[in-house]
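Please read the following points with the coordinates open.

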Protein chains: 2
Amino acid sequence: MNLLVEGGTIITVSHKGIVKDGAIAINDDKIVEVGKTSKLKPKYRRYEKINAKNKVIIPGVTNTHHHAAMSLLRGYADDLDLKTWLEKWIWPIEKHMTGKDIYIGALLTAVESIMGGTTTINTMYHYTDEYNEARAFAEMGLRGVVGHVCFSWRKKQDKRALQSLAKTWHNKKDGLIRASVDPHAPYTVDPEYMKELREFTHELNEKYASPKMPIIWHTHIAETSNEPEKIRQSFKIRVKGGVVEYLDTLEVLSQDVVAAHCVHLTEKDKEILKERRVKVAHNPISNLKLASGISPVPQLLKKGVTVSLGTDSSCSNNSSDMFEVMKVAALLHKGMGNDPTALSAEQALRMATIEGAKALSWDKDIGSIEVGKKADLTIIDFYKPHLRPVYKEESHLVYAVKSADVDTVIINGKIVMEDREVKTVNVDKIMALVEKTKHSLLDRVK
Amino acid sequence: MNLLVEGGTIITVSHKGIVKDGAIAINDDKIVEVGKTSKLKPKYRRYEKINAKNKVIIPGVTNTHHHAAMSLLRGYADDLDLKTWLEKWIWPIEKHMTGKDIYIGALLTAVESIMGGTTTINTMYHYTDEYNEARAFAEMGLRGVVGHVCFSWRKKQDKRALQSLAKTWHNKKDGLIRASVDPHAPYTVDPEYMKELREFTHELNEKYASPKMPIIWHTHIAETSNEPEKIRQSFKIRVKGGVVEYLDTLEVLSQDVVAAHCVHLTEKDKEILKERRVKVAHNPISNLKLASGISPVPQLLKKGVTVSLGTDSSCSNNSSDMFEVMKVAALLHKGMGNDPTALSAEQALRMATIEGAKALSWDKDIGSIEVGKKADLTIIDFYKPHLRPVYKEESHLVYAVKSADVDTVIINGKIVMEDREVKTVNVDKIMALVEKTKHSLLDRVK
């Protein structure tokens, strides 16, 4: 399909800056021209039109840390200490979740995300063959990196799942879906297995992937302060220094690793993240809600580490709302650093778009509005009282826009939502499925 | 008008707890019965109906610290250090604001607030006779305490304005609007003037108010750490101890004082706040954005101090969104206190409703859904993907509901918004006025 988005303010998140009264021409899945509406309108007059008057167009937003299936447990347990929360609430119910439940939870996250302007999600959960998160994202038309989470206690099962995931889903659905290898955390994946997974990732890449579209890693690093102690308890290893330093001794860190959290870092850890070009997925809302601590984001940015943003699961957030995450990130690091100039609106917006794309090794294709990139666009309606007056669009995008202001979403050149109507799936049907699944889960956990 | 809100889940924020499939009967401005829909429906069958199926009804939300007029400057200046922000940006443009501009800014805040479920605002700004914030709130049908901000450099002008405000607006518009006396801050109001204002408030109360509906105080206390130094510079007074302790020596603190911020407090300050029954209006978003510090809210709550919530102005937030404030408050004190059980969803919801009402000495009339109280209700549509599934309504209200989920708002028994359509004013006209005013202001400031 050929599309012309016209008459809006385009925040390109590239060296082209902002285009007022701008238009974007799309051929099939690609952006072919970006410029003034007056110039593009006559040239592309036969293209289907999307009127973006009073609207602001940004690159599709990327959520770089999620467990999409867990939206099924949104609000199931809150305001508890970590041990009670996990051991008494989350784990007992999670073990009853079937592949079908995982698929339904991921569908819910996918709908919510589209309706909030997120076009790409990096998700980590258990992969099962028939029903899974990849299938949900594919049906929704959402772009995603879908992983299988690996633990020492199920190595064989993990490798089978990873093999199947990579074969079935990597670079499938017109390249919308990619696979990842997801070692859960340094304290649940023993050092030998960590190295094995590195080797296995190499094999999977040789077999199913290309350097342009790699199978990457997605893991949790340094979320809580007691990770060195947990590693000692699990594997009888005494971690000298920080957890990143420990992982580096295993030679598993590289530019293809998306490391969620990175809250508790030593100075050396920060250096290693930079040196190995590890990507940090910052989840400010989840970190606050679980009282994990505050990631030293301004310091990481200063060092030149790629820092992107994520919601984390709907158990620790409880929304898949990246506009909220942008605002909280920008606020939190001002407050923590005692510096109102820290993490500007522009920086927060970059973290949710181009830096997110970099984090997923996908920035050749997405993350900014540029000719040759995939047409992933989030179009926001600024004709609302809470977005008036307008002095500077970037300020509103981070400090005033709400997810419900997202009007239209285009992914891979396809209109997934228009005027807030989701085009690819039946939203009522998904909501009904979710309620039914909740009741069935509660029956099983009794 | 007689109204029956029926078929919804009622969070009463009272000892009655939650009523599922509940109904609320309203005669004119008052709640006359709260119970099961099955019981109330036959009894009130001639009443106009509001169907609250799939909806959750909470007491109207109270925003206890705002400068409503300043929404006109939303996004005008961000990410700057406090001195540059105030001296180079905010003050130069504010001095060009006329009464009409103030009125238009307050209209904008009022519309935004209604659309986000806020039914009462406590606002501090400059009062002018013909056009002012009170007029804007009254036209909107919004409940509010409207103050005039007092400074040492304009004592005579202040007293004239306060007199006019109290006479014209206190307990007017069916009791929707109340007046307040607003000493700006301990470093801009000298000790003599502070005491004078206390005496003057007494006179105004004698003349225009009743003990049930008093003219209260609204002020800023201990927002930044350098207030003792600012007091020394302004008035050559050496503040020993904290700023609250200093104010207490002036004998101006009492249960009618709404003290915004209270970030930098000594232990003695906290004791005095409790002892004098001063009300604290906590503004977590504004405090983070301006890097003012974090108010010790859990400690204040533990002492039994009344702590309510506010957005502060749209220059330091930049939204009048109390659902966002509830979420950030609940998150922030978990993160800061390293305690995921701190400030539960229930507590945050109380702070935005009944504690807000207490802060404004208005809890006999508002803040909970109880027979005999004014019918101020916020009705939220839970039939949305991001609010599914539902395990516990209070969790969603704080961690997942967005301002745009507010469906219907009733104030003083009158429907101010229904199915997101504002009934009392023309929203398009206000947005047009706001844009026009912005251009005119920018011309004047050049």
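**Notes on the predicted model**

1. Asp248(B) counts as buried because it has 20 C-beta neighbours inside 10 Å (buried means 20 or more other C-beta atoms within 10 Å of a residue's own, exposed 12 or fewer, partly exposed in between, with C-beta atoms placed from the backbone). Asp248(B) is found in helix α8 (residues 243-249) of chain B. Helices (H or I, at least four residues) and strands (E, at least two) are DSSP runs, numbered from the N terminus.

2. This is a predicted model, in which local features need pLDDT of at least 70 and side-chain atom pairs count only at pLDDT 80 or more, while totals for chains, interfaces and linings use all residues. Residues are numbered from 1 along each chain as its sequence is written, and chains are lettered from A and ligands numbered from 1 in the order in which they are written.

3. Which residues does Asp248(B) contact, leaving aside its neighbours within four places in sequence? They are Leu253(B), Ile272(B) and Arg276(B), where contact means that the C-beta atoms, placed from the backbone, lie within 7 Å. Arg276(B) is 28 residues from Asp248(B) in sequence, and their C-alpha atoms are 8.7 Å apart in space.

4. Chain B has an open sheet of 8 strands with parallel pairing, in the order β6-β7-β8-β9-β10-β11-β12-β13; strands pair if DSSP finds at least two bridges between them. β6 (61-66) and β13 (307-309) of chain B are at the edges with a single partner strand each, so one side of each has no neighbour in the sheet. On average, neighbouring strands of this sheet are turned by 25° against each other, direction ignored.

5. Within that sheet, β11 (residues 257-261) and β12 (residues 279-282) of chain B pair in the parallel sense over 3 bridges. Ala259(B) has Val280(B) in β12(B) as its bridge partner. Helix α5 (residues 155-169) of chain B packs on the sheet and touches β8 (143-150) and β9 (177-183) of chain B, its direction making about 165° with that of β8(B). Helix α13 (residues 345-352) of chain B also packs on the sheet, touching β6 and β13 of chain B, at about 80° to the direction of β13(B). Axes are lines fitted to C-alpha atoms, for helices over the stretch in contact, and angles run from 0 to 180 degrees between N-to-C directions.

6. Strand β14 (residues 377-381) of chain B has 4 of its 5 residues buried, so the rest of the structure largely encloses it. β14(B) pairs in the antiparallel sense with β5 (residues 55-59) of chain B over 5 bridges, and Pro59(B) stands opposite Leu377(B). β14(B) also runs antiparallel to β15 (residues 406-411) of chain B, joined by 4 bridges; there Thr378(B) has Val409(B) as its bridge partner.

7. A rotation of 180° with 0.0 Å of shift along its axis superposes chain B on chain A, with RMSD 0.0 Å. The two copies are thus related as by a two-fold rotation axis. The superposition is by least squares on the C-alpha atoms of residues with pLDDT of at least 70 in both copies. Ala404(B) comes closest to the axis of the residues of chain B, at 3.3 Å (C-alpha).

8. The contact between the chains takes 52 residues from chain B and 52 residues from chain A. α16(B) gives the most to the side of chain B that touches chain A, with 6 residues. Of the interface residues of chain B, 100% are also interface residues in chain A, so the copies meet through the same surface.

Methods. Contact = placed C-beta atoms within 7 Å.
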